[in-house]
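Have the coordinates open as you read along.

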Amino acid sequence: GPGQAEMYAGLQELGVANGEDLKETLTNCTEPLKAIEQFQTENGVLLPSLQYALPFLDLHGTPRLEFHQSVFDELREKLLERVSAIALEGKVEERYKKLEDLLEKTFSLVKMPSIQPVVMCVMKHLPKVPEKKLKLVMADKDLYKACAVEVKRQIWQDNQALFRDEVSPLLKQYILEKENILFSNDISFLQNFFSPSPKTRRQGEVVQKLTQMIGKNVKLYDMVLQFLRTLFLHTRNVHYCTLRAELLMSLHDLEISDICTVDPCHKFTWCLDACIREKFVDNKRARELQGFLDGVKKGQEQVLGDLSMILCDPFAINTLALSTIRHLQDLVGQDTLPRESPDLLLLLRMLSLGQGAWDMIDSQVFKEPKMEAELITRFLPLLMSFVVDDHTFTVDQKLPSEEKGPIPYPSTIPEAFTKFLQENRIACEIGLYYILHITKQRNKNAFLRLLPALVETFSDLAFSDIFLHLLTGNLTLLSDEFALEEFCTSLFDGFFLTACSRKENVHRHVLRLLLHLHHKVAPAKLESLQKALEPTKQSGEAVKELHNQLSEKLELHKPSPAEVTETPSMELPLPTVPTPASR
C-alpha cells in the first residue's frame, strides 16, 4: 500500500535497494531466478563466511527473513548502545557533530518501525535537534507520540498551545483527586485532607508527571506556573496554589538547581514546607519566614504575588491557622495581649498575604494587604475570652455546690463575634479553626454556643468544602450527642439545612455525615432528615447517589415490628447533665 511505499522511500536516498527496485528488476528481466539470486547477492549481508552458512540455514528450513531480522536486531542494539556512548564521550562539540551527522543519515528512515528507535535515540541525546526536524516530528502525530520527552521539551518550549494541551488533562485530574478526598465517604478525625505529609503528596502521579515533563527546562516551568496563575484567577480554586508549591518542592527534592535557584520563592517555600510537615510554625522558622517577607526589595514587589499564592495553599493556611489557635491559648496562660506577641502578628501577616492572593493577582497591585487593627485589638481578645469561659466553667463544675445551684454554660455570643465572622476574612478563618478546635476537644457546650455564628460568614466560608470536610470529621468525636433532639436541631436545622438547597456541596457533606453516623441519630429525627435531604430536580448525580446509599442503609436498620412493641412506651427522657468540657 501507499503507507509501505512512504515507509521505505528513504532507502533510495541512501542508495539502498527496496521492494520497488526488485519489482522493476523482475519486470524487465528475461531470467527471473537469476535476477533474484543477483539481487540477493548485491543486497545481502557482505560477509565472505556467510556464502557457505546461508545454504546450510536453508537446509534447516530457517527463512532468510528470520536470519536477516536477527542480524538486524543485533546490529540495531549495538547501534543504540553506540549512540548512547557517543553522547557521553569526547569534546562536547565533536560528540554532537557526530550525532547530528548520524541524524542526517538516518532521519529519512524515521517511518520504518525497525529504524525508528535509532532515530529517536539520536534525537533524545541531542540538546538541540535542528528546527527543521522538530517541525517534521511535530507535524506527524505518530512521530510526535513516539518521541522521547527530551525531544518533546524542545518542541514544547516554542509551542505554548501544544504544551498546554499536554498539561491541561493533568491539571483537571489533580483538581478532581483533591475533590474526591474532600468528599470521600470515609469520615474520620484521625485521617483527613491534611494528613498526608508534603513528601507523600509530592509523590502523587500528577506532580511526578509534570516534574518529568519540565525536566530542567526553566521556560517550561514558567509556562506551567503561568497556567496555574491563570486557572487560579479564573476559578478561584485554591488547589492550584497547592500544586504551585508541590511542583517547586518536587524539583527541590530532585535538586534541580537550574530551576530552584531562579524561582525567587524557593527558600521561602522550603522553609514553609518544613512548618507544614510539623503542622506548626516554630519560633526559629517564624524568624526565617519574616526575614524573607521583610527582604522583598523595592522594584521586586512582584514576588509578593508568587509568595501570596504559596501562602494561599490550603496546607499553608491550615498550618498558620492551627499555629494561631495554639498561640492564643498560650497567651491566655501568660496573661499577654495579642498585640504584644510578635509571633502571633507574623502568623496574621502571612494569613493576610495568603488570603489576599486572588485580589493581588487579579489587580496586579503587589503590596501586602493592610492588617485591620480591630482584628488584633478586638477579635482575638474575644476568642481568648471564650477560652477563659471554658476554663471558668470547668473549674466551677468541680467546686462543691451546696451553696449554689449549677452554673449554666454561657449561651449567648457577643454580637461583635458574629459581625467579625461576616465581615473580616481573616477573623472568619481563625474563628472557624477555633470552632474546629473545640469540636476536636469534644466541647459540646462551646460548640453549640458558637454554631449560630456560622450561618452567615464572610464569603460563605463556613460552607466551604475544606471546612465542612474537617468539621464532619471532628463531629464523629461527638457522635453520642446525635441521640439528643436539641443537639440535632441546632446542628442540622440551625446550620446545615439553612444552606442545603442553595449549595449542592453542603447537601453532599450532610449526607456523608449521616451515612457515617445514622445509627447514632434518634429515629424520628433521622426520618425527618431523610425527607428534608431528598434530592431535587436540580440535584447532581453525587447527591442522588448519596441519598440512595443512605436510604438503603436505613432500610437495613429499620427495627422489625416485633421489636418496636416490646419497648415500654413510658420512656422518660434522661435529664441532660452538663458535662465539664474535656480538655
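This is a predicted model: local features need pLDDT of at least 70, side-chain atom pairs count only at pLDDT 80 or more; totals for chains, interfaces and linings use all residues.

The side chains of arginine 201 and glutamate 246 form a salt bridge, with N and O 2.7 Å apart; the term means a side-chain nitrogen of Lys or Arg within 4 Å of a carboxyl oxygen of Asp or Glu. This pair joins distant parts of the chain, 45 residues apart: arginine 201 sits in helix α12 (residues 198-202) and glutamate 246 in helix α15. Helices here are DSSP runs of H or I with at least four residues, numbered from the N terminus.

Arginine 201 is buried at 12% relative accessible area, and glutamate 246 is buried at 4%. Buried means under 20%, exposed over 50% and partly exposed in between, using a 1.4 Å probe and protein chains only.

Residues are numbered from 1 along each chain as its sequence is written, and side-chain values use heavy atoms, leaving out hydrogens and water.

## Arginine 349 and its partners

Arginine 349 forms a salt bridge with aspartate 294, the closest N and O atoms lying 2.9 Å apart. Helix α21 (residues 342-355) holds arginine 349, and helix α18 (residues 283-294) holds aspartate 294. Arginine 349 also forms a salt bridge with glutamate 368, again at 2.9 Å. Arginine 349 is buried at 18%, whereas aspartate 294 is partly exposed at 49% and glutamate 368 is partly exposed at 26%.

Terms used. Helices (H or I, at least four residues) and strands (E, at least two) are DSSP runs, numbered from the N terminus.
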